[in-house]
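Please look over the sequence and the model shown below before reading on. The text then leads through it in a few steps.

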Amino acid sequence: MKIKKSLGRQSHFLGTKIRNLRKRNGLTLEDLSSRCIKLDAEYAPSVSYLSMIERGKRVPSEDMLAVIATVFQKSSQWFLDDAPEAQDITPEKGNRGGIKGMALEPSFLFSNEILQIAIPEMLSQTGTTGRQFAHLLIRAHQEHHQNHFPDLERAAEEIGLKKMPLYAEDLMEISESRGLKISWFTRLPKAENVTDSSNKLVTSYFQPPRTVYLNKILKNNITRLKYELAVHIGHNVLHNSDGEKSIMVAGDQTQYDIQKEQIPSSSQLDAQDILHAWRDFECSFFAAALLCPKVPFRQLLDREGYEIDVCKQIEVSEAVVMRRMTAVSAYPHWHYFDAYAQGKLKAVYRGNGIPLPWGNMRIVRDPCQHWSVFRMLNQPAAGTAAQFSILNENGIAKIYCCESIKVQDLNSASHVLCTGIELNPAISAQGHDATLLVNELQKLCIENGGTCKIPPKMKTVLNSVARILNINWITRGIEQEAQLICARGAVCPRKPSCYSNQ
C-alpha cells in the first residue's frame, strides 16, 4: 500500500501531530494507549512506545497508525507530511510563557549532535556571543517555569526564616553566621581584573575563601546594599562560596561584560559561560526571595493593591518589588522589563508571551515608540505611570496594562522599570468575550489615530477585573487613553503609520 511504502519518509510531523491532538483533547499517554487497546489490542501502542512515537524515536506501522487515527477520527493520511496545517504542528505553550513556538521537526535535524554543530555557526553569523545566548536560554527556562523556582524559594526561607523586612544589620549577621567576612573599599585593588569607568561602577565582589568586599558608596544606598549582601549570601548558600568571583556592578553592562571586556567576543559556547550565567540568575532570584519571602510579600501586595511604593515599607528597590510580583502573584500572565536607552534590556521576563519591543543582542532600528517603557525613557518623568496597550500578536488582539517608573542606578544612569499583565485571560474568566472587547477597542484606537479613551461599558468590565485582581494601577490606567503598540514599525497598525515617512 502507498502509505506503508512511504510512511518512513513521510512521518516527520507524525509524532508532533499525535502529541498536539492528544493534549488538545485532554488525554494522557495512558489514556490514549488505553483507548487504542479497546479498539484493537493487537496493534495498539504501549505507553512507552507511544511516547517514543511522539518524540520521533519510532515510526508506527500502518496498522498501528490506523488505530491511533481512529481514536482521533482522522484519516491515516492526515498524520503524514503532505497534509500539515500550522496549528497541527505548532507546540502548545499554554500559560507557561513565550509565544507559541516552532515545531522542532524533522526531529533528526534537532538532535544534540546537529545543534552542537549549527549553534556556534549561527552565533558567529549573527554576532551573538555565547554569553548572550546563555542568557536567552535562561530567560526561556524562566518563562517556561512561570518564574516559579521552589528550591530557591525554600533555600531563601531557610536562611531568612520568612522575616520581612530584613534590615541591613540582619543581613550582616546572616553573612557572619555563614562565615563570610565583610570588608569595605573605596578603590578597587590593582590586583583585581576589573575597573570602574564612566558607564559602570563596581559595587561589590567576592574574594575567596570567604571575604565580601563592598563599595563604601553602598552606605548611602541601603536598598542596594541589602540586595548585594543578599546576592553574596546566595552565592554562599547555593554554591558553597566555591571561589568563583561574584562581581556586582551599577550601570548598563552585565557582570560578564566587566570580567571579560578585554576578551574578544566568541561564537563558541563555553560551558563556564553557561554555568556563570545560570549562577548569576540563581543568586539574583535567591536575593529577591530572601528580601521578599513569598507568603508575607504576597500578603503585603494584597493589602496595598500591588502598588510599587511598597518598596519603601520593606526597604528594597522598586526593581526587586516589581520582579517579585511576577513570581508571587496568583495571576500568571506577567511581564517585566528593566530598560536602558539605546535599546539595552538589562532584564526581561515574559510570562504572558508579550513580544519584545526591541532586543538586547542588536539595536532594532524601528521599535514602536508607544510602549510605556519607551515613552518614559524619552521624557522626564516623576512617579509611576499606568498604561493600557493593545497589541496585535499573530493575528490576535491582546490588551495589556503596565506600570512603569523611571529610576537611576548608583552610577546615575537612568533606566525604566516596567511590570505589566495581559488582561485577555482575566476578562474571559469573568464571562466576557475578551476577543470581541479588545477588537472593538483596537478599532476605536485605529479610527482615532492610534489612541482613544476607553468607553464607559468597557471601563465597567475592566474595573471589575481590576477589583478581582486587586491591582490599583489597572484602575488608574483605565482613566488614561489606550495606546496601540506594535513590536516593529514595519507592522505599525496606526493610520497613518508612524513610520510612513521613513
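This is a predicted model: local features need pLDDT of at least 70, side-chain atom pairs count only at pLDDT 80 or more; totals for chains, interfaces and linings use all residues.

The protein has 502 residues, and buried residues make up 50% of them. Its secondary structure consists of 21 helices and 11 strands. Taking contacts between residues at least 6 apart in sequence, 66% join residues at least 24 apart. The exposed surface comes to about 24300 Å², and carbon and sulfur atoms supply 50% of that area.

The largest nonpolar core holds 90 residues. Within this core, the residues with the most contacts are Phe297, Trp334, Phe388, Leu423, Ile427, Leu469 and Ile474. Which helix gives the most to this core? Helix H13, residues 271-291, does, with 10 residues. Leu423 shows what such a core residue touches. Once its neighbours within four places in sequence are set aside, Leu423 is in contact with Tyr331, Phe388, Ile399, Cys401, Leu462, Val465, Leu469 and Ile474.

Aromatic rings come next. A search of the whole structure gives 10 aromatic pairs. One of them joins Tyr205 and Tyr213, whose ring centres are 5.0 Å apart; their planes meet at 15°, so this pair is stacked. A stacked pair needs planes under 30 degrees apart. Tyr306 and Trp334 make another stacked pair, with 5.9 Å from centre to centre and 25° between the planes. Tyr306 lies in the loop between helix H14 (294-304) and helix H15 (311-314), and Trp334 lies in strand S5 (residues 334-340), so this pair ties together parts that are 28 residues apart in sequence. Both Tyr306 and Trp334 are buried. Trp334 has been named already, as one of the residues with the most contacts inside the largest core. Elsewhere, ring pairs link Phe149, Trp278, Phe281 and Phe285 into a cluster.

The backbone has some points worth checking. Most residues other than glycine have a negative phi, and most peptide bonds are trans. Where do cis bonds occur here? A cis peptide bond joins Pro208 and Pro209, with omega about 10°. Pro209 falls in the loop between strand S2 (200-207) and strand S3 (211-215). The bond from Lys495 to Pro496 is also cis, with omega near 0°, and Pro496 lies in the segment after strand S11 (482-485).

Positive phi values are found at two asparagines. Asn240 has phi near 55° and is placed in the loop between helix H11 (222-239) and strand S4 (247-251). With a relative accessible area of 62%, Asn240 is exposed. For Asn470, phi is near 60°. Asn470 belongs to the loop between helix H20 (456-469) and helix H21 (472-478), and at 27% relative accessibility Asn470 counts as partly exposed.

Note on methods:
Residues are numbered from 1 along each chain as its sequence is written. Side-chain values use heavy atoms; hydrogens and water are left out. Rings of Phe, Tyr and Trp (its six-membered ring) pair if their centres lie within 6.5 Å; planes under 30 degrees apart count as stacked, over 60 as edge-to-face and the rest as tilted. Helices (H or I, at least four residues) and strands (E, at least two) are DSSP runs, numbered from the N terminus. Buried means under 20% relative accessible area, exposed over 50%, partly exposed in between (1.4 Å probe, protein chains only). A nonpolar core is a set of buried Ala, Val, Leu, Ile, Met, Phe, Trp, Tyr and Cys residues joined through side-chain atoms within 4.5 Å. Contact means heavy atoms within 4.5 Å. Accessible areas come from the Shrake-Rupley method with a 1.4 Å probe; for residues, only the protein chains shown count as cover.
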